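Hello,

Here is the structure I promised to pass on. Please open it and follow along with the notes below.

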Amino acid sequence: MSEMLSGAEILCRALVDAGVEVIFGYPGGAIMPFYHALPDHPRLRHILVRHEQAAAHAADGYARASGRVGVCVATSGPGATNLVTGLAAAHMDNSPVVAITGQVSRPMIGRDAFQETDIIGITLPITKQNYLVQDVTELAEVVAEAMAVALEGRPGPVLIDVPKDVQNQKIEWRGAQASGAAPHRDPRALARGQSLTPGASPGSLEDGVRAAARLIAGAERPLLMVGHGVILAQAYAEVRALAEKTGIPVITTLLGISAFPDGHPLHLGMPGMHGEVHVNRAIQNADVIIGIGLRFDDRVTGNTASFAPQARIVHVDRDRAEIGKNVPVTVGIVGDARDITRRLVAAVEPRRCERWVEHIRGFVRTRAESYRGDLSPEAILASIYEASHGDCTIVTDVGQHQMWVAKLYPYQRPNTHITSGGLGAMGFAVPAAMGVHLARPHGTVWAISGDGGFQMNMAEMATMVQEGLPVKMAVFNNGYLGMVRQWQQFFHEKRYSCTPIWSPDYVKLAEAYSIPGYRVKEASELADVVGRANAQPGPALVEFMIEQEANVFPMIPPGGSLSEPIEAEPAAAGGA
Amino acid sequence: MTGVPPSSSAAHTVAVLLDDALVTLNRAFGVLRRRNVPIEGLALHPSGTVGEARLTFVLKADAVTADRVAQQFHKMIGVRSVMVLANDDSTMEAKR
């Protein structure tokens, strides 16, 4: 049996066939045929955002929390360009997102038509793949391929640009045509398991695992460094088994946080620019580092010339191009973090590292915090932990609060910490938390932002109300773009150029959106207010009036060595 | 450095076989631009196989950089193979 279907209807059916349940989007001229067809497909729940950037961040948040593809939709021109920041964030953090954009009709392409933009060209460097659909007969297959490409190997965003006349084009439809055998996809694009030794030809996976096991056996001061790849591969049990079988202490990068339980005796914390002193010292003293699913980002390594000077590095990554890209590697193993870690667990001999762990413990500093009042980040985060009984997902924005959360929140469950790490996109938390809620409808989600980042996407409170998304919002208000102010204090002669930032009355603002709003000025109010906000059936907002000039310590100066942290106010430290 | 025979050459010829599709070619040029690759000369030809093009360029860089560039191409969807030749060398190695 066959029927005549438009491109727009095929698009909807292809999304349903791919298992899509939620779409974040915003209608407009060139995507109107799709929106016309959408109501006939009630399985596709559409979330109407207030800005397309939020659609992309929400799809990203959904993808990270669910492990499935997040989908966002926008019209041509401004709709498409507004997606760009969200797609770049998904690209930098390897999040599987599919963006569908309307495009002007084919005869108009290239003529600078109304709301025409070359979104394929614009997104080339921030997508894994993108498609301009030239003919309706390709559409179903392109959607199926895009969904597969977004997820497979190292995940990432994919964009499908669909001209309006292709959406309106009708063809005879004979049921799902997408075979899954995508025509353009080269199976070699998927990195296969492989080991890489400098100067030698690629060897077998077993060679790499054996070489890594030998290094581990001979190491006196080994470290495990765990990144986002462990969360993407859900290799939690394997990493824990490897740590416990060998006694090797574990470091979690910003995006690796929650891949290993915080309270575990082998967990050291976060490395890098705002990593704790003992973590960075452990790196600088290590003789073997086993890095799993991380790219040795410059925020982790500081100056690579002085990074881990004594260490031989084993690097496990899904992406062959990452091995040796940022730091020299002794053994590179290409493959899935879960598979490779499981093999490592089998290959290593049981051992202990008690003296080394004891040695690292000697590096731990009790640090004078810089906040003068009692409403400290620790106290606020402890109140959120208590109110949610330690069972919620935390989505953070970018800046000082992001570092405080990364350092201080006691994550116990896997993949409960979501943040924009690679791109560092302010405005991420609020929309991404909406996506997290839709992926985990029965869990609590807190979006933690500063007063700067919150103001970037606070219009999404309207989305939460209209679509019934009970996101709990925490705003750390210090009246500054705090992280930039901190840099100005340390490196720019305290010239606070354009960093003081005015805020509206967030409590009244929340009320204007019919959302309960609270303000906390003293620590004594925390338990009561945060408890009440957490118990709200719908969204809620809590503003925390924190110390204005509080700093994140320690700090490695940009481009500096992990061995030379700033540990206190520059004045007290004798000037920076 | 991984996979490429040791070489002191500061110039390498890279040949990429890839889908002869506009978006793939765009993406390939994007890799050169995006990764800030120092190139000298760039040529695009039909490879002789239907639907396949050959992109050839001279890279003004050492073997480590050449390998890194090859890896960035290799993971691109639509790229079929990447070959790197040290310009003072007489052997060419196909990257998988």
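**Two loop residues**

A:Glu493 lies in the loop between α21 (482-491) and α22 (506-512) of chain A. Helices (H or I, at least four residues) and strands (E, at least two) are DSSP runs, numbered from the N terminus. This is a predicted model, in which local features need pLDDT of at least 70 and side-chain atom pairs count only at pLDDT 80 or more, while totals for chains, interfaces and linings use all residues. Residues are numbered from 1 along each chain as its sequence is written, chains are lettered from A and ligands numbered from 1 in the order in which they are written, and side-chain values use heavy atoms, with hydrogens and water left out.

Most residues other than glycine have a negative phi, and most peptide bonds are trans. A:Glu493 is not a glycine, but its phi is positive, about 55°. A:Glu493 counts as exposed because its relative accessibility is 72%. (Buried means under 20% relative accessible area, exposed over 50%, partly exposed in between, with a 1.4 Å probe and protein chains only.)

A:Cys498 is in the loop between α21 and α22 of chain A. Its phi is positive too, near 60°. At 70% relative accessibility, A:Cys498 counts as exposed.

**A cis bond**

Which form does the peptide bond from A:Phe553 to A:Pro554 take? It is cis, with omega near -10°. A:Pro554 sits in the segment after β21 (540-545) of chain A.

**Nonpolar cores**

A nonpolar core is a set of buried Ala, Val, Leu, Ile, Met, Phe, Trp, Tyr and Cys residues joined through side-chain atoms within 4.5 Å. The largest has 62 residues. Among those that touch the most other members are A:Leu223, A:Ile283 and A:Phe307. Helix α9 (residues 205-218) of chain A gives this core the most, seven residues. A second, separate core has 49 residues, including A:Ala80 and A:Phe454.

Now look at A:Ile283. Neighbours within four places in sequence aside, its contacts (heavy atoms within 4.5 Å) include A:Met225, A:Pro271 and A:Leu562.

**What lines the pocket**

Chain A and chain B both contribute to the lining of the second largest pocket. α6 (119-123), β6 (129-132) and α7 (139-151) of chain A and α1 (22-34) of chain B each supply at least two residues.

Best wishes
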